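Dear colleague,

Please find below the structure that I am handing over to you. My findings follow it.

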Amino acid sequence: MKKKILAFGVSNLALMAGVASASADEAWRYFIGDHEKAQIIVFEQGNDPIVWDQLTEPARLHLSEDGELLFAVQRSKGRVDVAETGLHVEDHGDHSDLHLEAPAWQGLFLTGARPTHFVLHGDEVAAFMDGTGSVAKVDVSAFDDAFEVNYTVTDAPHHGVAVPLHDHMLITAPNLEEPSSLPNHVQVLDKDGEQLGDLHECKGLHGEASSMHKIAFACIDGILVFDEEDLSKSAFLPYPEELGEGRSGRLDGGKTVQFFAGNFGKDKMIFIDVEGEGSFTSVQFEAPLVSGYLNPANSGEAFAHTADGKLHKIDAFNAKIVASIEATAPVDMEQPWYAPRPNFTFAGDHIALVEPLASALKLISTDELAVLDVIDVAGKPYSIVAAGGHLSDH
């Protein structure tokens with residue numbers, strides 16, 4: 001079954017109805033950024049799609065951990081915008097209720113020189129500005145029309161990353177001999193921005209993720225791990241020889257179990273238990289890996305999209321592919337990293353996959369690994385996040 005979204009402007013929206021939903025009391029709202037147009041499409045089952053066209057350039061989208069805020073990072077224009085997704089979490093102490101209200105565009109959130117890595121950790125965000133080597137940190141738990149921004153500046157501009165930890169921060173230290181290269185160290189800062197202890201080595205750092213109270217960074221020769229409960233030390237887990245040649249440059253952290261996953265080389269996905277001396281397992285694909293993530297609802301399950309167009313379901317704990325389907329057209333991995341490649345996110349027991357060159361959004365069951373719906377989206381849908389869940393009836 002195929003449906004269509006025409007996204008040319010708020011006044012020219014086609015009705016989109018009947019998008020697959022897991023159950024009558026579950027609702028998901030999808031936010032899709034275009035690869036070429038400075039806009040975000042917002043849609044959900046049974047409602048007219050909305051187009052937000054207030055961006056200054058195509059944006060990378062990020063969602064707050066509670067799903068209530070959407071952030072649109074516009075690197076070249078040096079700004080981050082924010083919107084309210086309409087998802088509202090009502091805490092009742094022994095349980096929480098979800099309510100879905102109208103989404104609302106809020107506008108400018110942060111400015112800075114080339115914001116790139118945008119890390120959400122708990123109720124804080126940290127935007128690393130590659131152009132200045134500075135970090136803007138915001139506590140979004142009290143998000144309102146006004147909010148406090150705390151800035152930290154490193155010794156030189158570089159392609160870095162920071163993880164906000166309330167009274168502390170993990171942040172990359174630039175390679176002062178070659179500032180244009182990837183950083184080689186992580187430093188721990190206190191609430192006043194003062195360094196605690198020595199630098200922690202992580203050569204060629206690129207890639208960061210959190211799982212429970214562990215924070216991991218991907219290095220050329222291994223994984224550097226911090227424990228949020230004791231930042232005075234770190235652990236380094238070297239890549240085992242059996243992984244072969246390569247490194248990880250993208251990490252993902254488990255939400256239900258302390259566990260990490262990442263890419264390795266061109267055609268592997270690795271799974272990492274960071275306890276003790278650590279352990280690595282891997283899956284090798286027949287084609288280069290495009291993207292791969294742990295299922296946030298079940299960290300023992302991972303999904304990977306490969307350049308031959310296949311989507312794979314993986315038993316992450318045993319590093320075994322359990323099912324594969326043809327999900328997209330083949331992907332040209334010789335193009336630069338910012339080429340319009342497919343991306344996917346999770347929405348309950350669905351995967352929402354956008355295929356830019358086909359102008360399509362595909363909803364795929366995580367259980368059966370079957371395509372449930374294909375929706376035409378005008379333009380080149382590229383960045384996608386989803387907010388929703390089981391809604392309260394009281």
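How many residues does the largest nonpolar core have, and which of them have the most contacts inside it? The model is a predicted one, in which local features need pLDDT of at least 70 and side-chain atom pairs count only at pLDDT 80 or more, while totals for chains, interfaces and linings use all residues. Residues are numbered from 1 along each chain as its sequence is written, and side-chain values use heavy atoms, with hydrogens and water left out.

The core has 16 residues, and those with the most contacts inside it are Phe-71, Val-80, Phe-109, Leu-110, Phe-118, Val-125 and Val-140. Such a core is a set of buried Ala, Val, Leu, Ile, Met, Phe, Trp, Tyr and Cys residues joined through side-chain atoms within 4.5 Å, where buried means under 20% relative accessible area (1.4 Å probe, protein chains only). Among the elements that give two or more residues to this core are strand 6 (69-74) and strand 7 (79-84); strands are DSSP runs of E, at least two residues long, numbered from the N terminus. Leaving aside residues up to four places away in sequence, Phe-71 touches, among others, Arg-60, Val-80 and Phe-118; contact means heavy atoms within 4.5 Å.

Elsewhere, four strands form an open antiparallel sheet in the order 19-20-21-22; strands pair if DSSP finds at least two bridges between them. Strand 19 (208-211) and strand 22 (230-238) are its edge strands. Four bridges join strand 19 to strand 20 (residues 214-218), and Ser-211 stands opposite Lys-214.

As to confidence, the protein averages a pLDDT (the predictor's confidence in each residue, from 0 to 100) of 91. Over residues 1-22, pLDDT stays under 50.

Yours sincerely

Methods: Buried means under 20% relative accessible area, exposed over 50%, partly exposed in between (1.4 Å probe, protein chains only).
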